[in-house]
Amino acid sequence: MDKKFLYYILKRAILAVVTIFLVITITFFIMNFIPGGPFMSEKSVTPETLAALNAKFGLDKPPLEQYFNYLKGAVRFDFGPSMKMDGRMVTDVILEGFATSAKMGLMAAACALTLGLVFGALAAVYHNKLIDRIIMVVSTAFVAMPSFIVATLLLWLLCVEAKVFPANGQAAGGLVLPIVSLMLYPMAYTIRLTRSSMLDVLGQDYIRTARAKGVAPSKVLFKHALKNAVTPVITYAGPMIAFILTGSLVVERIFAVPGLGKYFVSSIINRDYTMIMGTTIFLAIIVVVMMLLSDILYKLFDPRVDLS
């Protein structure tokens, strides 16, 4: 690695840390200034009990003191105890739920990238032919449909009506439909990205030269064209994985998957402030880290990229 590349990585890493710090700060003060409190919905809470609960979680201190105390913990990845789940630390709950979310999300991302590259290359090779038009129509439809709409349709068609798959994400085969729901949009976007990039590459002089020299069509496609067309997909892969992991929360709720979404949605309903803040910060870290890795990989795959 040259010094310029190392400086670029350092600069992006510092920017990532600053971004996460801003997310922590904004999230904390938004939660602090929301009217009411996490214990206002409790039945028959006396002023004495409310004061004791506020003291237990440090809510009786001035906002700035609460902020600095929270910041000290967040730096150590300690988001404190949950306000609604007795005896459970937010970090433990997040890691427990994320184990399922990560497995589901990474499988969806792998399927989206693989199928997106295959169908995108196929559409480019058969440009303006029937197969290209079918692929583009289908991919456009999937791009236009949010994952939670797709999830609801799949739940109704394949769980309620056809009864092919279980509606409960904890049952055998229960993760199939959530994975499909999460992969369709990024797969469709990858198809369009790959097709566009492949068409550009296939029109380059070195591709025409390779064909004129009698190089096998499969070698032209995979060794020359696809290798150079995949760079934009790599750039999209980082944000796409982050999008799947953070966008899986609603889909998990629809299919009753015991992932991070289950705890995040319930924490919003129950106004579990520490759980909301911890989950938001954790997901923000994932997004920032994946964006950083995407930028680094982009440079590694394409040395021509100007880092200035």
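Mentor: Let us begin with a term: a residue counts as buried when its relative accessible area is under 20%, and as exposed when that area is over 50%. Please keep in mind that this is a predicted model.

Trainee: Is Phe 28 buried or exposed, then?

Mentor: Phe 28 is buried, because its relative accessibility is 4%.

Trainee: How many aromatic pairs does the structure hold?

Mentor: There are 13 aromatic pairs. One of them joins Phe 28 and Phe 29 in an edge-to-face arrangement, with 5.2 Å from centre to centre and 90° between the planes.

Trainee: And what is the geometry between Phe 29 and Tyr 67?

Mentor: That pair is tilted, with the ring centres 5.1 Å apart and the planes at 35°. Phe 29 belongs to helix H1 (residues 3–33) and Tyr 67 to helix H3, so the pair ties together parts that are 38 residues apart in sequence. Tyr 67 also counts as buried, because its relative accessibility is 6%.

Trainee: Which residues do the ring pairs link into a cluster?

Mentor: The cluster includes Phe 28, Phe 29, Phe 33, Tyr 67, Phe 68 and Tyr 70. Phe 77, Phe 79, Phe 98 and Phe 282 are also part of it.

Trainee: Let us turn to H3. What is its length?

Mentor: Helix H3 covers residues 63–75, which is 13 residues, and spans 18 Å from its first C-alpha to its last, close to the 18 Å expected.

Trainee: Which residues of H3 are buried?

Mentor: The buried residues in H3 are Gln 66, Tyr 67, Tyr 70, Leu 71, Gly 73 and Ala 74. They lie on the same side of H3, because they cover an arc of only 165° around the axis.

Trainee: Why would residues three or four places apart point the same way?

Mentor: An α-helix has 3.6 residues a turn, so residues at that spacing point the same way.

Trainee: What is on the face turned away from the buried side of H3?

Mentor: That face carries the exposed residues Leu 64, Lys 72 and Val 75. Just after H3, Phe 77 adopts a positive phi of about 60°.

Trainee: How do the axes of H1 and H3 cross?

Mentor: The two axes come within 11 Å and cross at roughly 140°. That angle makes H1 oblique to H3, and the crossing is right-handed.

Trainee: What about H5 and H7?

Mentor: Helix H5 (residues 130–143) packs against helix H7 (residues 176–202) at about 135°, with the axes 8 Å apart. H5 and H7 are therefore oblique to each other, and their crossing is left-handed.

How values were computed:
Residues numbered from 1 in each chain as written. Predicted model: local features only at pLDDT ≥ 70, side-chain atom pairs only at ≥ 80, totals over all residues. Heavy atoms only, no water. Helix = DSSP H or I, 4+ residues; strand = E, 2+ residues; numbered from the N terminus. Expected span 1.5 Å × (residues − 1). Buried < 20%, exposed > 50% of the residue type's maximum accessible area, 1.4 Å probe, protein only. Arc of directions from axis to C-beta. Phe/Tyr/Trp six-rings, centres within 6.5 Å; stacked < 30°, edge-to-face > 60°. Axes fitted to C-alpha atoms, helices over the stretch in contact; angles between N-to-C directions. Parallel < 35°, antiparallel > 145°, perpendicular 65-115°, else oblique. Left-handed = near helix turned anticlockwise from the far one by under 90°.
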